[in-house]
Amino acid sequence: MDETIIEFNNVSFTYEAEENNPEKPAVKNVNLKINRGEFIAVLGHNGSGKSTLAKLTNAILVPDEGKVTVAGMDTSDESKVYDIRRKVGMVFQNPDNQIVSTIVEDDVAFGPENLGIPPEEIRRRVDEALKCVEMYDFRLYEPHRLSGGQKQRVAIAGILAMRTDCIVLDESTAMLDPRGRKEVMDTIRRLNREHGITVVFITHFMDEAVEADRVVVMNDSRIFMDGTPYEVFADIKKIKKIGLDVPQAAELANELRESGISIPENILTSEECVQAVLEVVNADNRG
Amino acid sequence: MIRDITIGQYYSGSSVIHRMDARMKIVLTLAYIVSIFICRNFISLGVMALFVAVTALFSRVPVKMLLKSLKPVLIIVLFTAVLNIFYTTGGSTLVEWRFIKITSKGVFSAIFMSIRIIALIVCSSLLTYTTTPTVLTGAIESLLSPLKIFHIKVNTFAMMLTLALRFVPTLIEEIDRIMNAQKARGADLESGGLISRAKALVPILIPLFISSFRRAYDLAFAMECRCYTGGDNRTSMKKMKLAGRDFGALIFYLIMLAGIIVVNRLFPAVI
Ligand SMILES: Nc1ncnc2c1ncn2[C@@H]1O[C@H](COP(=O)(O)OP(=O)(O)OP(=O)(O)O)[C@@H](O)[C@H]1O
Ligand SMILES: [Mg+2]
């Protein structure tokens with residue numbers, strides 16, 4: 001299980017300078033090991049380098065310094081680019097800007113078609129991928145008739161049909177309503193648990209980050225924190241200092257604790273919070 | 001609602017015409033357009049018109065929809081008919097009043113031209129009614145593939161067509177959104193003369209262009225991530241295959257064409 005699938009080795013990347021944008025590294029000295037089957041959330045405020053980090057994972061960008069390897073392949077090796085991209089797929093923020101075809105199943109087939117896979121095999125993969133994201137019944141729909149959450153699931157199916165080991169989602173829930181977000185989140189979690197797909201989930205929503213196995217916080221082009229959600233959100237002050245939110249439940253628990261109520265540490269979800277508060281109330285009643 | 005617009009004008013069904021290979025449909029439609037201009041008299045034109053009527057019947061596309069596709073060309077039909085009535089002379093004179101002179105030949109050629117245009121439109125609408133845009137682009141790609149020997153990037157061209165089709169509804173939605181945003185800021189889009197209306201379009205087109213560039217950039221990224229190279233070694237999930245009915249249609253058509261050529265020779269030309 002502890003096999004490394006993506007490894008960043010002291011990676012730095014700087015975009016070319018533009019007029020009003022002086023040269024400044026977008027990613028600086030990043031060291032990161034992503035293990036097969038992990039579910040990683042990446043947090044960080046705007047411009048902290050999250051998208052750049054994502055693009056470095058599948059050779060869309062190549063590091064200026066250091067080295068990124070995907071399943072042992074160096075992303076700067078041009079002959080390996082397509083082998084890397086069939087291992088690491090990417091889903092973007094705007095669902096409309098990543099769907100290429102006028103029919104759902106044709107869109108899902110786009111990746112495998114590019115890989116030159118025979119038609120019968122593509123058919124099989126497309127059906128399987130669509131069932132996986134629970135969009136099989138919509139396979140003949142035109143994408144513009146779908147909701148945002150459904151479009152993102154189609155995009156995910158398009159990646160699955162390439163049989164990638166790892167999916168990177170760059171704020172893929174940012175444009176969705178709460179229901180669409182839940183759909184996408186549930187799908188991703190299921191893929192991770194049941195199919196062992198490695199997930200790198202870039203998000204602004206703390207409540208989504210809490211569900212990950214591991215949280216990486218980016219700040220100012222560097223990795224600022226890296227650990228389990230409990231470890232990362234334990235230090236609320238540190239997170240707030242760089243201008244990020246903490247999960248509401250964690251914040252509430254923290255405030256209660258600071259005002260002298262004995263509530264355990266490591267509370268992240270609202271269920272845990274409710275549970276803890278109930279225990280305190282019950283103890284009060286008894287006492 | 002904008003969500004309900006369909007791209008193209010596909011009428012879903014499973015008739016023989018729907019199931020025909022799209023390449024054969026395109027070829028036959030083009031052949032039809034050419035042959036209808038070969039027709040010289042009412043017998044051959046009648047056969048051609050009958051052919052398209054029978055095809056329409058087989059396709060089970062409702063007559064109402066076919067009429068709808070004729071609506072935009074009605075003006076052209078009327079215009080050609082009127083021109084033909086007044087400017088074609090010959091045969092017996094039917095009406096003569098001051099400088100207006102209507103002859104039998106003029107009336108015949110007006111009717112002839114109208115039938116010709118209507119048959120033409122019905123035939124080509126049948127193609128788009130019974131074929132989805134995606135399949136149509138695939139067929140165009142396949143038909144143009146011999147051009148590859150001239151180093152013309154046929155599959156890139158087909159991809160462009162697909163993407164253009166794909167983004168039609170998205171851009172319509174976008175225009176709607178921008179128009180509402182500009183109206184909310186007090187833009188007046190509906191009144192004034194031609195020039196002031198055209199000017200009012202500028203604040204809609206500029207944001208549309210900017211956002212389209214953004215979309216194109218994102219899309220290019222997304223396509224690269226899914227291993228698109230623009231190269232030749234792509235495969236296709238839906239293989240097109242010519243079946244018996246396609247050859248049947250072709251043979252039937254060729255026989256009809258031969259008949260028309262014979263009829264053209266045997267009977268006097270109307271126009
Ligand atoms: N194509 C580009 N050209 C030049 N500079 C860029 C480009 N893309 C990003 N940058 C710069 O790189 C830095 C990191 O950007 P990045 O997009 O990785 O941040 P992010 O964490 O994804 O932000 P956001 O939350 O807004 O998506 C920013 O300062 C940004 O201005
Ligand atoms: Mg970003």
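Visitor: What makes the charged end of A:Lys238 count as sitting over the ring of A:Phe224?

Guide: In this predicted model, the charged end of A:Lys238 is 5.3 Å from the centre of the A:Phe224 ring. The cut-off is 6 Å, together with a limit of 35 degrees from the ring normal. A:Lys238 is therefore listed as sitting over the ring of A:Phe224.

Visitor: What is the distance for A:Arg85, which lies over the face of A:Tyr82?

Guide: A:Arg85 is 5.6 Å from the ring centre of A:Tyr82, and the limit is again 6 Å.

Visitor: Why is the pair of A:Phe138 and A:Tyr141 called edge-to-face?

Guide: The structure holds 10 aromatic pairs over all chains. For A:Phe138 and A:Tyr141 the centres are 5.0 Å apart and the planes are at 70 degrees. Pairing needs centres within 6.5 Å, and edge-to-face needs planes over 60 degrees apart, so the pair of A:Phe138 and A:Tyr141 is edge-to-face.

Visitor: Are A:Phe138 and A:Tyr141 buried or exposed, or in between?

Guide: A:Phe138 has 23% relative accessibility and A:Tyr141 has 36%. Buried means under 20% and exposed means over 50%, so A:Phe138 is partly exposed, and so is A:Tyr141.

Visitor: Why are B:Tyr32 and B:Phe51 called stacked?

Guide: Their ring centres are 5.8 Å apart and their planes are at 25 degrees. Stacked applies to planes under 30 degrees apart, so the pair of B:Tyr32 and B:Phe51 qualifies.

Visitor: What makes the pair of B:Tyr32 and B:Phe51 a tie between parts of chain B?

Guide: B:Tyr32 belongs to helix H2 (residues 22–36) and B:Phe51 to helix H3 (residues 42–59), so the pair ties together parts 19 residues apart in sequence. Both B:Tyr32 and B:Phe51 are buried. With B:Phe252 and B:Tyr253, they form one aromatic cluster.

Visitor: How do you know that A:Asp107 and B:Arg226 form a salt bridge?

Guide: The closest N and O atoms of A:Asp107 and B:Arg226 are 3.6 Å apart. The limit is 4 Å, so the pair is a salt bridge. Between chain A and chain B the count is 5 salt bridges and 16 residue pairs in polar contact, both residues at pLDDT 80 or more.

Visitor: Which helix gives the most to the side of chain A that touches chain B?

Guide: H3(A) does, with 10 residues.

Visitor: How many residues take part in the contact, and what is the area buried between chain A and chain B?

Guide: Chain A brings 42 residues and chain B 33 residues. The buried area is about 3,500 Å², with 55% from carbon and sulfur atoms. A:Asn97, A:Thr102 and A:His144 supply 20% of what chain A buries against chain B, more than any other three residues.

Note on methods:
Residues numbered from 1 in each chain as written. Chains lettered and ligands numbered in written order. Predicted model: local features only at pLDDT ≥ 70, side-chain atom pairs only at ≥ 80, totals over all residues. Heavy atoms only, no water. Phe/Tyr/Trp six-rings, centres within 6.5 Å; stacked < 30°, edge-to-face > 60°. Buried < 20%, exposed > 50% of the residue type's maximum accessible area, 1.4 Å probe, protein only. Helix = DSSP H or I, 4+ residues; strand = E, 2+ residues; numbered from the N terminus. Contact = heavy atoms within 4.5 Å. Buried area = accessible area lost by both parts, 1.4 Å probe. Salt bridge = Lys/Arg side-chain N within 4 Å of Asp/Glu carboxyl O. Polar contact = N/O pair within 3.5 Å; in protein donor to acceptor, adjacent residues only side chain to side chain.
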